[in-house]
Amino acid sequence: MTMSSSKPIKLIIVIFFLGTLLLINANTVKPKRTLSCQCLKGKEGCTGSKVCEHKELEPEHCFTLWNQTSGKISLQGCWTNKCTNTDHCISREVQPKNGHLLFCCCSKDYCNSNFTHIPDPRPSPTVFVGYGETEPDVLPGRQKDTLILTMMYSLLPLAALTLILVVAYWICRRHKITTYQMDLKQEPLLIHSPPPGSETTHLKLIEIKARGRFGAVWKAETSATSNEYVAVKVFPLQDKLSWQLEQEIYSIPHMDHPNLLHFISSEMRGEGLNQELWLITEFHPHGSIYDYLKANTLSWSEMCKIAESIAHGLTFLHEDILVAGSACKPSIAHRDFKSKNILLKNDMTACIADFGLAIKFELGKNPCDSQNQVGTRRYMAPEILEGAVSFHRDAFLRIDMYSCGLVLWELASRCKLDGPVDEYMLPFEEEIGLAPSLEDMQEVVVEKKMRPVFREHWLKHQGMESFCETIEECWDHEAEARLSAGCVEARIGQLSRTVNISSPVTFIVEELPPKESSL
Ligand code: ADE
């Protein structure tokens with residue numbers, strides 16, 4: 001991974017280096033050419049010929065100045081000014097402007113050794129500037145060459161730079177795609193498939209069943225013919241960490257339990273920015289306990305069955321399972337325990353879902369809490385609202401137990417006993433409404449130590465009275481005084497077996513298990 005990812009970077013550096021060299025070269029090395037001209041022996045140290053240095057912006061030529069009548073050379077050598085003649089030294093003047101002197105210039109080696117006078121009858125556009133004439137307004141051949149060269153030397157670096165940038169961008173893109181694909185290879189349970197909404201190889205998203213902290217939960221069809229469904233929790237890309245954490249929790253060995261939501265697989269779907277992270281689990285048509293209670297009431301036995309199964313699931317989640325002395329299923333705290341995160345199965349037992357905030361406590365290891373998030377405000381234990389949590393395993397388990405007390409109260413509030421059943425309300429909804437602030441929660445739960453109320457007629461029902469006692473011991477202000485999940489499970493189990501609600505006189509056959517907290 002390290003080797004292959006550094007390769008393109010090295011390549012980019014080399015390309016930049018070469019590109020920079022090319023630019024420096026193009027800008028600084030201007031072509032130089034030497035031109036040899038015939039010169040007048042004895043004049044200005046001339047020995048018969050002269051080498052003129054030709055610089056790009058100061059073109060060099062040869063010239064001859066001679067007497068028209070005698071043909072005698074007055075001066076010969078290098079000519080640095082503009083010159084229209086190229087290969088041959090020909091004077092085009094009809095009438096010499098300098099007495100009898102004729103001038104010609106040319107730009108080939110020794111081209112000025114032969115010089116002629118061919119008068120041009122047309123008005124000449126050319127002049128030799130050295131004699132006070134004006135510049136030609138049409139560019140002759142050599143000047144055009146010069147212009148082209150000049151343009152080339154200024155445009156070439158620009159073109160080279162553009163090319164370098166394009167190549168570098170292309171390499172970067174390729175590199176990004178390659179590393180990304182390598183990242184994906186490291187993800188567990190990876191399947192590449194088209195984005196949601198479309199029919200995929202094996203899943204069709206049908207409708208949203210719930211919306212949570214991390215995206216939505218969809219009901220999805222596994223095959224058009226068999227009417228089999230799964231639930232797909234779709235995480236946006238920015239919630240990758242929660243997706244990873246949740247699948248990590250589900251992937252812990254021995255996590256399969258009837259009262260924990262059954263995990264099927266996790267997948268990455270779509271490409272680029274449209275990429276989504278899916279978590280596929282068993283689908284439960286009743287939805288969450290919250291969904292169910294809003295629309296339905298419960299019988300005493302249904303309530304006990306649901307409550308016992310919740311406590312059974314939580315007991316399993318919280319406990320270490322040891323095989324040959326080493327933990328193979330660590331203790332896990334849920335940290336967002338609430339009725340929306342518990343699903344109701346068709347057999348009217350519950351299963352705990354949504355492990356996006358869960359934390360595992362492996363023996364001898366520090367718990368890894370990379371989420372830095374807290375649960376739902378309404379369900380927060382007083383110690384969290386106060387900001388006084390100690391970060392050890394039992395403190396986290398006790399926080400779950402406080403929330404569990406609130407969920408049990410929600411069940412009780414919808415249980416049909418002898419009196420009326422209230423409309424469904426969230427815990428503390430009566431006290432502080434649907435959107436309490438943190439301050440509201442602190443005031444009610446910490447300062448006033450209030451808890452959701454038990455209706456009077458609940459306490460007249462012997463079973464329910466015991467149930468309420470258990471609830472009170474779950475949400476005790478003192479975290480250490482709270483019941484463990486195992487204890488709640490045992491108490492409710494016994495209640496459901498001993499209290500017969502169908503008989504007109506409620507009776508208890510056995511004593512309830514003693515209050516002992518294993519936390
Ligand atoms: N809501 C959230 N998760 C669900 C699931 N697995 N089945 C049904 N409804 C859900």
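Select the ligand and His-284: a nitrogen atom of the ligand is 2.9 Å from a polar backbone atom of His-284. Next, select Glu-282, where a backbone N or O atom lies 2.9 Å from a nitrogen atom of the ligand. Taken alone, the ligand exposes 260 Å², and the protein buries 91% of that (Shrake-Rupley areas, 1.4 Å probe).

This is a predicted model, in which local features need pLDDT of at least 70 and side-chain atom pairs pLDDT 80 or more, while totals for chains, interfaces and linings use all residues. Residues are numbered from 1 along each chain, and side-chain values use heavy atoms, without hydrogens and water.

Now show the residues around the ligand (a heavy atom within 4 Å); among them are Ala-210, Val-217, Phe-283 and Leu-343.

Then move to the salt bridges (a side-chain nitrogen of Lys or Arg within 4 Å of a carboxyl oxygen of Asp or Glu). The whole structure has 11. Select Glu-246 and Lys-233, whose side chains form one with an N to O distance of 2.8 Å. Glu-246 lies in helix 3 (residues 240-250) and Lys-233 in strand 11 (residues 228-236), so the pair ties together parts 13 residues apart in sequence (helices, H or I, have at least four residues and strands, E, at least two, as DSSP runs numbered from the N terminus).

Notes: Polar contact = N/O pair within 3.5 Å; in protein donor to acceptor, adjacent residues only side chain to side chain.
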